[in-house]
Amino acid sequence: MTSSNFPRAARGFTLTELVIVMVIAALMIGSLILPLGAQQDLRSYRDTQQDMTGIVDALTGFAASHLAVDGKPYLPCPDTDNDGNEDRASGGGCLSQEGRLPWNTLGTGREDAWGNRYRYRVAPAFASNKTGFALTTAASLRVCENAACSKYVADTLPAVVVSHGKNGAGAYNASGSTNAPPAGDDERANQDANNDFVSHAPSPGDAPGGEFDDLVAWISPNILFSRMLGAGRLP
Ligand SMILES: [Ca+2]
Ligand SMILES: [Ca+2]
């Protein structure tokens, strides 16, 4: 019996068929690897976002359970020396208006999914443990759509929390120092120690405001006031 008598399937692959199979396999492996990286990023963002929702709740809970000397509620101060505890001056105010989130004081997560500490800024009028805040207390922190702050997402905020995202640019790192600052204007707005922050969807380096992957959370003054009323902490 000659080879031509065998059915075609039994002859094995020709070189052309083998090449086609290898190309298909390479394409399949490639399409599996890319989504895995994207999936990990998505998971990290989701975990950090969840963590930050919990942090905002914990800040509100702190205010509901801590009374200043005048009997009114107050928010914790930032952690300035990387031990996780708030740092307060003897006069009752904060050593610094902006620093790391006092994760140990709050009993929340210490760092984001990329291993950097959360940044926290609080309005001084909301953070004194001598004079607490009232329903009339005003704050001036803002979260904007861009660094110029021509449009804002939220204003008159008592406190803002930032994760510097996957690139971690400008973040307080685990060793206690600060990462190199970001290149883009929008991310720079989240680490320049003033009252204005930026929050929008992630953008690449060639976007108008530069590369952006930060996550920003804040306390709405109205939600804070309503929780304090509900807890009987404010009249
Ligand atoms: Ca970032
Ligand atoms: Ca800023």
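Analyst: **Loop residues with positive phi**

Cys149 lies in the loop between strand S3 (141-144) and strand S4 (152-157), where helices (H or I, at least four residues) and strands (E, at least two) are DSSP runs numbered from the N terminus. The model is predicted, and local features need pLDDT of at least 70, side-chain atom pairs count only at pLDDT 80 or more, and totals for chains, interfaces and linings use all residues. Residues are numbered from 1 along each chain as its sequence is written, while chains are lettered from A and ligands numbered from 1 in the order in which they are written.

The phi of Cys149 is near 60 degrees, a positive value in a residue that is not glycine. Most residues other than glycine have a negative phi.

Ala193 sits in the loop between helix H3 (185-188) and strand S6 (196-198), and it counts as exposed because it has 11 C-beta neighbours inside 10 Å.

As a contrast in burial, strand S7 is mostly covered, with 5 of its 5 residues buried: Leu215, Ala217 and Ile219 point one way from S7, whereas Val216 and Trp218 point the other way.

Key
A residue is buried if 20 or more other C-beta atoms lie within 10 Å of its own, exposed if 12 or fewer, and partly exposed in between; C-beta atoms are placed from the backbone.
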